[in-house]
Amino acid sequence: MLAALVLGYYGYTAYQNSSSLKGVVHQDAVSVVKIGIHDIKKTLMLDALSAPSYYYKNSGSSRSKAKDDNKASTGKGVELMPHNLLFFTMPDVGNTLFTVFKIYDSNDFQTFINNEIAGKVRTDKNDGPEGYQLAFFKNRNIALAWNSEKLAVALAPKIENQSVVHVFEELLVGEKTISDTNHPLLSAIKSLEAHVVYTNGKGVSGLTFEDGSAVLKGAHQADSPFAKEITVPSYANSSLSFHYDLNLTEASIKEEFAKRLSNLPFFGKNNLDPSKIIQPLDGSLSFSIAGRTVQKDTAITYGYDDNFEKIAQKTVQEKEVPVLHLDLGLQEQKLQHYFSEVGALSENGIFEPFPLYQLKLVEQSSRAGFSTEHDTIVPQQKVSSYFFNVQTDFQRLQQDLAIAQTQELFSVLYNMRVQAWQEAENEIQVEGNINAVEDHINILSQVFFALNKKEDPAAKEPEL
């Protein structure tokens, strides 16, 4: 009897795992991310059984919230927590993630969605030409489309209506979705046992949540080879160091990359043309956080003189900020001239893209450096075999950033390391891990409880 129950469970799970992949990914998708909701739940359930005291101690503040969430989840008419949640990208819609949810009760869903979008969507909410409905959120980060069977969602830094409408129509009306699990994209995400799996058709990577760590491992084919060794700027006492060789070897690659960046609001707000910035670069990008520094800022207030005439009064204020270093590799020394030309730099070569940070731009023969430390610091040059490398010490990073909102999260994380390198011709290997403080508790639970504590700082531990 027990054997039959076990076989039945695994048979049902295998069926759900396979069926949840069908009918939700566009036929022309170029990459897919699978989040194994069921597998994550199962892992956390087993972890809770192995460490009940930890879960009981930390779940007190989330019990009432969980009850409210469970109550609110009924009557939605849509499967927001499927067996597997899939996101995909399209070749002609840059910087945008799509996903599809299945609707099991259209009446309940219509009531639910009307309540959810009330006051949040722009006035151009309308019915689609084939009977499906569209809704574009005012923040331009989210767009929705639905009929009686499916809800399609688009997520992006900035959504252009027409760029996503044709995808919605093909998903909901043309039913251009993958139904064969032997399709290369679906076959790839099935081939790897991990909680989160990514594939672009040229390889696959997986992220697994374990006791005390999250482990990343993958292999991909590159369109063009990366250098086996690169020289990377290095700053002493960095709490975070990041380096990525974007491999901008050809003009066409630079143009495509600049086109993707053009949708980001940052460039428009600062009157910058991404193509002008990308053109002189060689693709090498490094970023570091290393300590804190003091910057001086001039605040202008207004008062009145003895004749009661309004006059401007300048006050120099000091503020402490993290030491940030951004280094861009150069093929030509044109970046500083361009920033000056468009008026992005002050007379002292200061760039202020954000209210709190003054970045000094210094251009040398092979790199352009932006830094909140205005005294020139020359980094050490280290040779590395990793074209992608990020390392973080979360405790020191919290000290450097001094942001209260990250305190709870960083308090349960220890460090992070993610690296990618060229294994053979056009073959890339990726590996990394994030380590948490408690080595016997699943890292996802530690992060969940930390974030829940952040949301509810007044919550008390349950009484015994």
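Predicted model: local features only at pLDDT ≥ 70, side-chain atom pairs only at ≥ 80, totals over all residues.

User: Which side chain does Asp28 meet in a salt bridge?

Analyst: That would be Lys176, with an N to O distance of 3.5 Å. The pair links distant parts of the chain, 148 residues apart: Asp28 is in the loop between α1 (2-19) and β1 (31-35), and Lys176 is in the loop between α5 (161-172) and α6 (184-190). Lys176 is partly exposed too, with 26% relative accessibility.

User: How many salt bridges does the count come to?

Analyst: Six salt bridges. One of them joins the side chains of Glu320 and Arg292 at 2.9 Å, N to O. Glu320 belongs to strand β14 (residues 310-330) and Arg292 to strand β13 (residues 281-304), so this pair ties together parts that are 28 residues apart in sequence. Arg292 is partly exposed, at a relative accessible area of 28%.

User: Nice. What about Glu431 and Arg417?

Analyst: Their side chains also meet in a salt bridge, at 3.7 Å from N to O. Here strands β21 (residues 427-436) and β20 (residues 413-424) are tied together, because Glu431 lies in β21 and Arg417 in β20, 14 residues apart in sequence. Glu431 is partly exposed at 27% relative accessibility, and Arg417 is partly exposed at 25%.

User: Switching to the surface: which residues make a nonpolar patch?

Analyst: Met45, Leu46 and Leu49 make one of about 370 Å². Leu46 is part of helix α2 (residues 37-50). With a relative accessibility of 54%, Leu46 counts as exposed, since the cut-off for that class is over 50%.

User: And inside, how many cavities of 30 Å³ or more are there?

Analyst: The count comes to one cavity of that size. About 130 Å³ of space lies in the largest cavity. It is lined by 15 residues, and the closest to its centre are Val362, Ser371, Glu373, Thr376 and Ile377.

User: Which strand gives the most to that lining?

Analyst: β17 does, with four residues. At least two lining residues come from each of β14, β16 (357-363) and β17 (367-371).

User: What classes of residue does the lining have?

Analyst: The lining of the largest cavity has five nonpolar, five polar and five charged residues.

Terms used:
Residues numbered from 1 in each chain as written. Heavy atoms only, no water. Salt bridge = Lys/Arg side-chain N within 4 Å of Asp/Glu carboxyl O. Buried < 20%, exposed > 50% of the residue type's maximum accessible area, 1.4 Å probe, protein only. Patch = residues over 30% accessible without salt bridge, like charges linked within 9 Å, V, L, I, M, F, W, Y side chains within 5 Å. Areas by Shrake-Rupley, 256 points an atom, 1.4 Å probe, with all protein chains shown as cover. 1 Å grid on protein atoms, 1.4 Å probe; cavity = no way out; pocket = protein on both sides within 12 Å on 5 of 7 lines; lining within 4 Å. Points joined across faces, edges and corners; volume = space filled by probe spheres on them. Nonpolar A, V, L, I, M, F, W, Y, C, P; charged D, E, K, R; others polar.
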